[in-house]
Amino acid sequence: MRAYSSTESSGTFLYRWDPRVKIVALFVYLVFSLSVERIMSLLLSWGLILLLALWGRISLGEFVRRMPWLLWFGGFLLIFYPFLVPGKEMFAVSCGPVYAAASFEGLYKGIVLLLRLAVSLSVLTVIMISTGPGKIFMALEGLRMPAVFLRTAEFTLRYIYICTDELRTMFTARKARGFKPAKSFFNAFTMNTLSHLIGMLFLRTYSRGERIYTAMLSRGYTGEIISLSSFKARSSDYLMGILISAVGAAVFFLDKGAL
Amino acid sequence: MSAENCAVEIRNLFHTYPGGVEALKGLSLKVPLNSKTALLGPNGAGKTTLILHLNGIFLPQKGEVFVLGRRVSRKTEKWLKAKVGLVFQNPDDQLFAPTVWEDVAFGPLNMGLKRDEVEIRVEEALKQVEAFELRDRAPYMLSWGQKKRAAIAGVLAMDPEIIVLDEPWAYLDPLGQEQIGDILNGLHEKGKTIIMVTHDVDFAAQWADWVIIMRDGILVAEGEPSLLTDEEVVSRGGLRCPLITRLFKEGGLMEKEIPYRLDQGVQILRNLLGGCRKS
Ligand SMILES: Nc1ncnc2c1ncn2[C@@H]1O[C@H](COP(=O)(O)OP(=O)(O)OP(=O)(O)O)[C@@H](O)[C@H]1O
Ligand SMILES: [Mg+2]
């Protein structure tokens with residue numbers, strides 16, 4: 001698209017890489033990485049993705065900022081998995097009648113899951129940061145993803161912004177009238193105010209959504225979004241795609257002891 | 001004014017919202033072709049409800065709407081959306097695509113235009129509102145004035161004959177207002193009909209060449225902007241006379257041909273003071 005190509009020349013190869021090829025290649029890489037079982041192989045494929053990010057000059061700050069999920073979820077996995085998976089006892093916690101034993105197998109499983117999560121999130125983050133939402137959707141469309149999925153995803157994204165926006169303004173408005181969330185979440189007044197806030201949030205996003213729909217109708221929307229997507233992949237795009245997929249495959253076969 | 005010279009004609013229009021609120025109760029009015037029309041009325045008068053009828057979002061429950069001489073019905077829907085562009089009060093309601101460029105392309109694409117044509121139109125529309133450099137930005141991260149301009153571009157790209165703006169000034173700074181005023185005047189010179197919904201009587205007096213006042217879902221008055229000097233009419237519409245008018249009226253300076261625009265007021269003051277200033 002003309003309007004886009006004029007700005008596309010900026011950034012490193014990772015940013016300029018045809019988004020369709022980029023998505024496919026990194027997806028192939030991801031599938032290989034998620035099929036390995038040894039911790040070393042997972043660490044290796046994670047490290048390689050981080051290297052890719054480094055090479056593509058993705059800002060470290062932005063990369064880390066999109067990862068707090070990992071800590072939450074990962075921490076959860078590490079703490080609970082050892083107790084959920086039976087196996088050789090590592091240590092045990094007893095509290096009255098409750099007795100729980102943590103196993104080495106569970107810890108191992110937890111670490112593997114954590115690493116898989118880390119690899120997946122890193123791959124997605126690399127794609128997100130280096131492509132930007134607008135072009136990701138166009139690229140997926142270019143890859144013949146069903147339009148329904150894309151529209152739903154697009155609208156979800158749009159609505160998340162609306163939701164957080166509404167929430168922020170409502171919260172600010174409450175604070176402006178002297179509301180201070182109590183230290184404890186279980187404070188009755190705080191709970192009350194917050195639950196009203198969430199109720200209002202639903203109503204407001206609903207009516208906002210209706211207004212957006214009206215505005216779309218007024219510009220001739222009939223339920224079908226027509227879009228102009230066109231990318232041109234060069235041979236260097238394909239080469240890079242093959243390279244990344246091959247590295248993913250290599251890690252996989254290494255893990256299986258075939259190399 | 002016959003139906004042919006009207007951009008919009010409304011006859012005895014009723015609209016009741018689900019829940020029973022009667023927003024329009026037999027509204028009739030006319031908007032001249034190629035006019036700069038100000039649609040005035042207090043909060044809740046039914047202005048927004050009315051303009052949703054102009055582009056076929058609402059079809060008349062009772063009564064008739066004519067746009068460019070054609071009676072609005074389910075059959076005219078597609079034609080109507082290309083002829084009448086609505087710019088909504090809140091640009092956040094209007095901008096929904098991931099980038100400004102795509103948002104502006106949304107209307108032309110719905111019109112079934114060819115790709116090249118769409119690209120040309122989007123580029124022109126964005127340049128017209130001086131927002132071309134914003135084309136790759138995400139609309140929800142723009143400033144209010146930028147959003148507003150992007151929203152207007154989204155409508156201009158469809159090249160409508162009639163452009164309706166709901167409260168375009170809300171939250172805009174004076175420079176932003178001026179900028180949008182200039183854009184609208186440019187469109188008017190190209191032969192478009194502009195309808196602007198507003199509460200701002202001073203602005204309406206200054207800008208419009210046709211004024212419509214409505215209240216409680218019916219017409220209070222329509223005509224040349226000089227009708228804004230009629231205190232009885234204006235207060236029936238729940239509004240005040242323009243400041244310039246009040247200056248001359250309350251000051252007891254004029255009996256007839258009371259001014260309502262700044263330049264008229266200035267002219268009169270010049271004439272009055274002319275002698276003193278020279279001496
Ligand atoms: N979606 C809706 N459902 C029910 N009632 C509505 C809805 N939208 C508007 N109304 C009611 O219809 C009446 C006219 O509203 P409308 O929004 O057309 O007024 P307005 O002239 O645009 O006001 P404002 O200047 O405040 O924007 C009001 O009484 C309003 O409460
Ligand atoms: Mg309104």
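**Surface patch, chain A.** I looked for nonpolar surface and found a patch of about 500 Å². F76(A), L78(A), I79(A), F80(A) and L84(A) make this patch. The model I am reading is predicted. I then picked out I79(A), one of the patch residues. I79(A) is found in helix α6 of chain A, residues 68-84. Is I79(A) buried or exposed? Its relative accessible area is 52%. The cut-off for exposed is over 50%, so I79(A) counts as exposed.

**Helix α5, chain B.** Next I checked the length of α5(B), which covers residues 115-128. It has 14 residues, and at 1.5 Å a residue they should span 20 Å.

I then asked which residues of α5(B) are buried. I noted V118(B), E119(B), R121(B), V122(B), A125(B) and L126(B). They cover an arc of only 165 degrees around the axis, so they lie on the same side of α5(B). On the other side, D116(B) and E124(B) are exposed. After the helix I came to E130(B), which follows α5(B). The phi of E130(B) is positive, near 55 degrees.

I turned to β6(B), residues 84-87. V84(B) and L86(B) point one way from the strand. G85(B) and V87(B) point the other way. All of these residues are buried. How many bridges join β6(B) to β7(B), residues 162-166? I found 4, and the two strands run parallel. I followed up G85(B): its bridge partner in β7(B) is I163(B).

Terms used. Residues are numbered from 1 along each chain as its sequence is written. Chains are lettered from A and ligands numbered from 1 in the order in which they are written. This is a predicted model: local features need pLDDT of at least 70, side-chain atom pairs count only at pLDDT 80 or more; totals for chains, interfaces and linings use all residues. Side-chain values use heavy atoms; hydrogens and water are left out. Buried means under 20% relative accessible area, exposed over 50%, partly exposed in between (1.4 Å probe, protein chains only). Two strands pair if DSSP finds at least two bridges between them. Patches are made of residues with over 30% relative accessible area and no salt bridge: like charges are joined within 9 Å, nonpolar side chains (Val, Leu, Ile, Met, Phe, Trp, Tyr) within 5 Å. Accessible areas come from the Shrake-Rupley method with a 1.4 Å probe; for residues, only the protein chains shown count as cover. A salt bridge is a side-chain nitrogen of Lys or Arg within 4 Å of a carboxyl oxygen of Asp or Glu. The expected span of a helix is 1.5 Å times one less than its number of residues. The arc is that of the directions from the helix axis to the C-beta atoms.
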